[in-house]
Amino acid sequence: MSVDQYFTPENQSLVKTYLTQEIYDSLKGVKTKDVGYDVDIAIQTCKDNQDSGVGIYAGDEDSYFALAPIFDPIIDAYHGGYSKDAKHKSDMDPSHLKGSEEKVDDFVISTRIRVGRNIRGYGLSPGISREQRSELEKLLTNALTKLTGDLSGKYFPLLGMSETDRIKLVEDHFLFKKGDRFLESCGANRDWPEGRGIFHNDKKTFLVWINEEDQLRIISMQSGGDFVEIFDRLGRGIKAIEASIKATADKVYMFNDHHGFIHSCPTNLGTGMRASVHIKLPKLSADKDKFYKTCADLKLQPRGVHGEHSESKGGIYDVSNKHRIGYTEVELVQTLIDGVSKLIALEKAL
Ligand code: ADP
Ligand code: DAR
Ligand code: MG
């Protein structure tokens, strides 16, 4: 079968760029050992969405090994260079962060730093079974009940949540929406909303998404631009959840020293960390193409105010680090801090 048949001439995804006929043929008949995933299932999202930027998801931890011939070049290209023998590195020490050279509070409305995590022994969102997803929801929510101090909170399953409550949480940027068409195609939305929900503390500054695009999204967020406080809370939360999952269920995060923390999308491998600000840049963003180019030069990615594939509002953008692997968590947050400082200086100069 010719691989070219799957892509239109307008398709500019990394899958189209790197899935040569030779690689496609070499993967014929290859099934992953956890959920029996294969290359055709992995790129279904790209076949259905010719405007994909990446175009592939993993169904389980083994996907990154069994389907390495297509995942490796995509990981290298997306993260700005990450060779097959590169090793993941980590630094979650908030004291290593240097502050912004510009005063951020006049421009930064809010800051959010998140990581994804998945539990070894379960499929990733595209490949997980209905039974596994429900079992995981019970396991994770039990572990979350053990959190203490400013990390303690309550779990709210989507199943049974009132539409009023759900819409308010989404509009206030705390809760996820149902997966987009890219996630629909890869199977991440199956049985929605069963097994999905949100855990958060009273102040909604520490939140955990269960079974969205990844099994866990661990989030620290608040108004303003106190990067150190937000980063510190996130680090404590990641550690506390890991310890509780180990103690209550004897489970660990999916991790290896090359891919770092395993995620369903290769764009989230390594740290899984996206540090973002909602920032007001009405003058700088007036020329959208120039603004996007400026962000790209700063290794930043602009998004709309309601997340991926959403629109900006009144010159407010969600700006975050693009890369997730090949850098430590401190380096990625520092990239955002330094980039925000530069964007503010450019906005003030107009
Ligand atoms: P992720 O990379 O975490 O999946 P998405 O773009 O899918 O990000 O959606 C993240 C959600 O978090 C959206 O509802 C978005 O509005 C919200 N969000 C992201 N960054 C911020 C921020 N700095 N302040 C407030 N809300 C944010
Ligand atoms: N939209 C898909 C995935 C890009 C990264 N975003 C994620 N993982 N939410 C694409 O291929 O463009
Ligand atoms: Mg998302």
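This is a predicted model: local features need pLDDT of at least 70, side-chain atom pairs count only at pLDDT 80 or more; totals for chains, interfaces and linings use all residues.
Serine 110 reaches ligand 1 through its side chain, where an N or O atom is 2.7 Å from a nitrogen atom of the ligand. Ligand 1 lies between domain 2 (114–272) and domain 3 (275–350), because both give residues to the shell around it.

**Ligand 1: contacts and cover**
- Arginine 112 places a polar side-chain atom 2.8 Å from an oxygen atom of ligand 1.
- Histidine 173 also takes part, with a side-chain N or O atom 2.9 Å from an oxygen atom of ligand 1.
- On its own ligand 1 has 560 Å² of accessible area, and the protein covers 94% of that.

**Ligand 1: the shell**
- There are 18 residues around ligand 1, and those that come nearest are Ser110, Arg114, Arg274, Ser276 and Arg303.
- Sorted by class, this shell has four nonpolar, seven polar and seven charged residues.
- At least two residues of the shell come from each of the strands β1 (108–117), β5 (216–223) and β8 (274–280).

**Ligand 2: contacts and cover**
- The side chain of glutamate 308 has an N or O atom 2.6 Å from a nitrogen atom of ligand 2.
- Taken alone, ligand 2 exposes 340 Å², of which the protein buries 89%.

**Ligand 2: the shell**
- Residues around ligand 2 include Ser52, Tyr57, Phe182, Glu213, Cys265 and His309.
- Four nonpolar, five polar and two charged residues make up this shell.
- Domain 1 (3–78) and domain 2 (114–272) each contribute at least three residues to the shell around ligand 2.

Definitions and conventions: Residues are numbered from 1 along each chain as its sequence is written. Chains are lettered from A and ligands numbered from 1 in the order in which they are written. Side-chain values use heavy atoms; hydrogens and water are left out. A residue is near a molecule or strand if one of its heavy atoms lies within 4 Å of it. A polar contact is a pair of N or O atoms within 3.5 Å; within protein, one must be able to donate a hydrogen and the other to accept it, and residues adjacent in sequence count only if both atoms are side-chain atoms. Accessible areas come from the Shrake-Rupley method with a 1.4 Å probe; for residues, only the protein chains shown count as cover. Ala, Val, Leu, Ile, Met, Phe, Trp, Tyr, Cys and Pro count as nonpolar, Asp, Glu, Lys and Arg as charged, and the others, Gly among them, as polar. Domain bounds come from an automatic or database domain assignment. Helices (H or I, at least four residues) and strands (E, at least two) are DSSP runs, numbered from the N terminus.
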